[in-house]
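Open the model in your viewer and keep the selection tool ready. We will go stop by stop, and at each one you select something and look.

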Amino acid sequence: MDQGRRPNKFIANRNNKIYMDLKDIIREHALPFLPAKSLFRFKGVCRDWKLQISTPFFAHNQSNNFHRVMGFFCQSQSKPPSFISLDPNSCGIPDPSLQFLPEPVDIRTSSNGLLCCQGRTGEQPYYICNPATKQWKKLPKPTANHGSNPALVLIFEPSLLNFIAEYKLICAFPSADFDNAYEFEIYSSSEGSWTISREMFFGGAMFMPCSGVHVNGIVYWLSKMGGGGIVFFDLTMERTQRLYSSQNGCLGVMDGKLTVTSAYGQALTVNVLSNSYTNTMGMNSRVKAWDRKLHVNLSDRSELGPLPSYTHSAHDQGAVLFASGDVIVFRCDRALHTYDMKTKEFGRLSCEIDNDVRFFGYVNSLVEI
Amino acid sequence: MKFCAVKQYFDDENNNNITSGASTTMIPLPNVESHPLAILITYCKKHLKIKANNADNKKETEKEMEQYEQELLKKVMPQELTELILAANYLNFKEALDFFCRAVASAIQNKSIEFVRKFFGLESDFELGEEEKLREEFAWSFEGVDED
């Protein structure tokens with residue numbers, strides 16, 4: 001039983017789980033905490049591990065246990081996508097430009113290891129894919145016309161009970177029937193079809209593509225014009241409304257709450273929506289909805305260079321490209337910098353990006369579609 | 001009682017005996033060495049203490065537990081991790097098993113196949129050529145691996 005390893009005085013009964021070999025314990029309990037890149041490599045350790053890592057049940061386990069955003073996809077207008085890893089040694093994908101898809105695509109949104117992309121020609125179909133396993137699925141054609149730059153949010157939350165990945169894709173698009181109004185169409189993977197919501201948003205706002213995030217059944221977008229701010233759609237109540245926010249910036253999710261992160265005036269600021277029910281109170285309610293979560297001074301960090309000044313430019317997200325979990329990514333000029341909220345350390349990503357880049361967080365997960 | 005394997009010994013006794021018996025009963029643990037057992041007992045006591053201190057505040061418990069775990073990891077050598085995992089598994093101590101497994105996962109995340117085999121005392125049971133095929137198929141996952 002020991003197979004000639006270092007001697008151990010195990011009193012063992014093969015049938016009893018508590019006397020498992022170390023390699024079996026590691027295989028069952030430690031492997032699900034690893035990112036996809038390490039797991040593909042460790043298929044070569046021994047046959048047992050190769051078999052375990054290849055099973056759908058293991059993929060389900062890993063997607064439940066491994067949630068960290070360790071990499072980012074970025075794409076500029078009409079160029080192929082590229083991939084930046086926070087830790088290139090442990091997080092990686094086989095094909096960063098997504099050439100395993102049947103046609104060149106634009107990445108629209110991402111969620112927990114899944115990407116949603118859109119083809120560029122013909123009917124411009126939507127694809128859902130896992131860039132680590134190269135699995136992909138083409139979605140059926142939506143009922144409505146979503147326009148050329150749709151404001152999409154992919155919602156995929158791995159759950160212990162759902163063995164098959166269930167996800168929703170929601171699109172906010174300008175209404176064809178009413179002026180200055182937005183409608184919502186939702187694709188559900190469990191039903192395999194699109195549904196247009198009866199709820200519409202009248203408010204003269206323009207939903208910003210690539211700005212949307214999902215928190216606890218509510219989807220939030222940044223909006224331009226008509227007062228700016230944030231608009232949300234509650235999937236459970238099927239209700240949409242504007243949300244007041246004193247700060248413009250990048251939307252994100254931290255500790256299960258909506259956050260807005262901005263970098264201007266020599267500081268990095270994160271505000272968190274602590275009270276999401278203020279929107280049901282009276283118009284002049286004095287209840288404070290937002291709390292300051294973080295304020296980091298950047299003026300003494302000479303390596304960062306000058307931050308862009310605060311401006312309501314076309315890029316309303318400003319300098320911050322990503323801010324969720326523990327990671328904030330912001331740009332100074334063409335360089336990308338990171339801030340880790342746990343270790344309070346700054347870092348720099350070794351790449352340069354264009355001004356009009358679209359940026360998406362990615363989790364190195366094995367989730368099966 | 002967090003050591004579920006040990007708890008089993010007390011289920012058979014009736015209530016009267018438990019309180020008096022708990023502190024004096026000797027329970028044989030032939031598969032656990034004293035060093036990892038000592039660490040597990042300290043971990044368990046700390047866990048229960050932090051939980052009791054922050055009875056209502058789950059977030060505080062998690063934060064404090066994380067801080068303690070970070071400190072603990074600095075003192076434990078990577079080789080000791082495997083013994084701790086074996087002990088936690090035998091004692092059926094779920095929280096400690098999860099924690100040490102996560103720690104060992106971080107430790108091996110960037111390592112090569114050879115390192116992993118040596119670390120856990122494993123041998124390759126692939127046939128000739130099978131391993132080469134895997135290395136070719138997943139060549140992208142072998143980039144940027146730590147030197148042994």
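This is a predicted model: local features need pLDDT of at least 70, side-chain atom pairs count only at pLDDT 80 or more; totals for chains, interfaces and linings use all residues.

**Stop 1: two residues with positive phi**

Select K134(A), which sits in the loop between β5 (126-130) and β6 (135-138) of chain A. Look at its backbone. K134(A) is not a glycine, yet its phi is positive, about 65°. Is K134(A) buried, partly exposed or exposed? K134(A) counts as partly exposed, because its relative accessibility is 41%.

Now select C210(A). You will find C210(A) in the loop between β12 (206-207) and β13 (213-215) of chain A. Here too a residue other than glycine has a positive phi, near 65°. The relative accessible area of C210(A) is 24%, so C210(A) is partly exposed.

**Stop 2**

Select residues 218-224 of chain A, which form strand β14.

Begin with β12(A). β12(A) and β14(A) pair in the antiparallel sense, over two bridges. Select M206(A) and look across: its bridge partner in β14(A) is K224(A).

Move on to β13(A). This strand also pairs with β14(A) in the antiparallel sense, over three bridges. Which residue of β14(A) stands opposite V215(A)? Pick I218(A) to see the answer. β13(A) and β14(A) form a hairpin, with two residues between them. Select N216(A) in the turn: its phi is positive, about 50°.

Then take residues 230-234 of chain A, strand β15. Five bridges join β14(A) to β15(A), and the two run antiparallel. Select Y220(A) and find its bridge partner F232(A) in β15(A).

While you have the strands on screen, keep one general point in mind. In a regular strand, side chains alternate between the two faces of the sheet.

**Stop 2: zoom out to chain A**

Of its 369 residues, 54% are buried. Now think about contacts between residues at least 6 apart in sequence. In chain A, 51% of these join residues at least 24 apart.

**Stop 3: salt bridges inside chain A**

There are 17 salt bridges over all chains. Select K79(A) and D354(A) to see one of them: the closest N and O atoms are 2.9 Å apart. This pair links distant parts of the chain, 275 residues apart. K79(A) is in the loop between β1 (69-75) and β2 (82-85), and D354(A) is in the loop between β24 (345-352) and β25 (358-363). K79(A) is partly exposed, with 43% relative accessibility.

Now select K293(A) and D255(A). Their side chains meet in a salt bridge, 3.4 Å from N to O. K293(A) lies in strand β20 (residues 290-297) and D255(A) in the loop between β17 (250-254) and β18 (257-264), so the pair ties together parts 38 residues apart in sequence. Compare the two residues. K293(A) is partly exposed at 34% relative accessible area, whereas D255(A) is exposed at 57%.

**Stop 4: where chain B touches chain A**

Show both chains. In all, 43 residues of chain B are in contact with 42 residues of chain A. The area buried between the chains is about 3800 Å², and carbon and sulfur atoms give 64% of it.

How many salt bridges are there between chain B and chain A? The count is two. For one of them, select R47(A) and E130(B): their closest N and O atoms are 2.6 Å apart. For another, select K342(A) and E66(B), with closest N and O atoms 3.6 Å apart. K342(A) is in the loop between β23 (335-340) and β24 of chain A, and E66(B) is in helix α4 of chain B. K342(A) is exposed, with a relative accessible area of 53%. E66(B) is partly exposed, at 36%.

Polar contacts between the two chains come to 11 residue pairs. Finish on the side of chain B that touches chain A. Select α4 (58-75), α5 (78-91), α6 (94-108), α7 (113-120) and α8 (130-137) of chain B: each supplies at least two residues to that side. α6(B) gives the most, with seven residues. Colour this side by residue type, and you get 19 nonpolar, 10 polar and 14 charged residues.

Definitions and conventions:
Residues are numbered from 1 along each chain as its sequence is written. Chains are lettered from A and ligands numbered from 1 in the order in which they are written. Side-chain values use heavy atoms; hydrogens and water are left out. Contact means heavy atoms within 4.5 Å. Buried area is the accessible area (1.4 Å probe) that two parts lose on being put together, summed over both. A salt bridge is a side-chain nitrogen of Lys or Arg within 4 Å of a carboxyl oxygen of Asp or Glu. A polar contact is a pair of N or O atoms within 3.5 Å; within protein, one must be able to donate a hydrogen and the other to accept it, and residues adjacent in sequence count only if both atoms are side-chain atoms. Helices (H or I, at least four residues) and strands (E, at least two) are DSSP runs, numbered from the N terminus. Ala, Val, Leu, Ile, Met, Phe, Trp, Tyr, Cys and Pro count as nonpolar, Asp, Glu, Lys and Arg as charged, and the others, Gly among them, as polar. Buried means under 20% relative accessible area, exposed over 50%, partly exposed in between (1.4 Å probe, protein chains only). Two strands pair if DSSP finds at least two bridges between them.
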